[in-house]
Amino acid sequence: MIVCAGKSEQFEFAHPIGIGLIESAVNLTRICEIGKPDHIVFVGTAGSYGEKEIFDIVESRVAANVEQSFFEGKSYTPIDNVIASAEDVSRETVINSSNYITTNKSVWKDYTAQNIHLENMEFYSVMKVAQMFGIPVAGIFIVTNYCNENAHEDFKKNHAEAMKRLTAYVKARAI
């Protein structure tokens with residue numbers, strides 16, 4: 001089963017599950033309870049912490065839920081905030097998820113030092129739901145913007161082209 005966030009990120013081949021960590025977790029859980037899929041592939045856009053370029057397409061099976069305050073020593077978490085569906089994560093790009101979009105370039109180094117190179121609002125919750133149901137899961141992302149002060153403007157500027165490229169990529173892979 002291929003899923004996506006929805007609203008401005010809808011694909012003819014994907015089922016929309018909602019935007020952000022909560023909507024996507026609730027809606028994907030409902031789907032899995034009704035009829036457990038054999039696998040889940042999430043497709044969507046992502047912001048880059050600097051090393052991935054605009055329109056790069058990245059596949060990943062590792063997600064994180066790390067907030068900026070963690071790097072500043074201002075928070076901690078009791079949850080397992082990095083989850084993987086891959087056996088060998090050494091070659092995987094970690095995708096960070098938060099309900100907030102990073103707009104501060106100065107924190108890029110903190111994320112990339114942990115091998116976290118992209119952010120997407122839904123992927124951590126998709127991974128967590130898949131993990132709970134024992135479903136193989138992966139994500140395919142296209143970079144629309146850098147996580148800086150221009151993030152939203154660049155996202156809007158690059159979104160249409162990114163959707164075309166991501167659609168072509170997924171269709172070519174015949175997932």
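Which backbone nitrogen does the side chain of Ser-48 reach? That of Gly-50, at 2.9 Å. I count that as a polar contact: a pair of N or O atoms within 3.5 Å, where within protein one must be able to donate a hydrogen and the other to accept it, and residues adjacent in sequence count only if both atoms are side-chain atoms.

Some ground rules. This is a predicted model, so local features need pLDDT of at least 70 and side-chain atom pairs count only at pLDDT 80 or more, while totals for chains, interfaces and linings use all residues. Residues are numbered from 1 along each chain as its sequence is written, and side-chain values use heavy atoms, with hydrogens and water left out.

Now the overall picture. The protein chain has five helices and nine strands. Both are DSSP runs numbered from the N terminus: helices are H or I with at least four residues, strands are E with at least two. From the N terminus, the order is β-β-α-β-β-β-α-β-β-α-β-α-β-α.

How does the chain's radius of gyration fit a compact globule? With 175 residues, such a globule would come out near 16 Å, and the chain has 15 Å, which agrees. The radius is taken over C-alpha atoms, and the globule rule is 2.2 Å times the number of residues to the power 0.38. Along its principal axes, the C-alpha trace spans about 45 × 40 × 30 Å.

Next, burial. Buried means under 20% relative accessible area, exposed means over 50%, and partly exposed is in between, using a 1.4 Å probe and protein chains only. Buried residues make up 48% of the 175. On contacts, meaning heavy atoms within 4.5 Å, take those with a separation of 6 or more: 76% join residues 24 or more positions apart.

Back to Ser-48. It lies in strand β3. Ser-48 counts as buried because its relative accessible area is 0%. Setting aside residues up to four places away in sequence, Ser-48 touches Trp-108, His-117, Leu-118, Val-143, Asn-145, Tyr-146 and Cys-147. For scale, Ser-48 and Arg-173 are 125 residues apart in sequence and 23 Å apart in space, C-alpha to C-alpha.

A word on how that is scored. Ala, Val, Leu, Ile, Met, Phe, Trp, Tyr, Cys and Pro count as nonpolar; Asp, Glu, Lys and Arg as charged; the others, Gly among them, as polar.

Between β9 and α5 there is a loop, and Asn-148 sits in it. Is Asn-148 buried or exposed? Buried, because its relative accessibility is 10%. The Asn-148 side chain reaches the backbone nitrogen of Asn-150 at 2.9 Å. Beyond four places in sequence, the contacts of Asn-148 are Thr-102, Thr-103, Asn-104, Lys-105, Trp-108 and Asp-154.

Now Thr-93, in the loop between β6 (82–84) and β7 (94–96). Thr-93 is buried, at 9% relative accessibility. Leaving out residues up to four places away, Thr-93 touches Lys-52, Val-58, Ser-60, Val-62, Asn-115, His-117 and Leu-118.

Most residues other than glycine have a negative phi. Phi of Asn-115 is positive, near 65 degrees. Asn-115 lies in the loop between α3 (108–112) and β8 (116–119), and is partly exposed at 29%. Lys-7 also has a positive phi, about 50 degrees, and is not a glycine. Lys-7 sits in the loop between β1 (2–4) and β2 (15–16), and is exposed at 67%.

Last, helix α4, residues 123–133. Its buried residues include Phe-123, Tyr-124 and Val-126. Just after α4, Gly-134 takes a positive phi of about 70 degrees.
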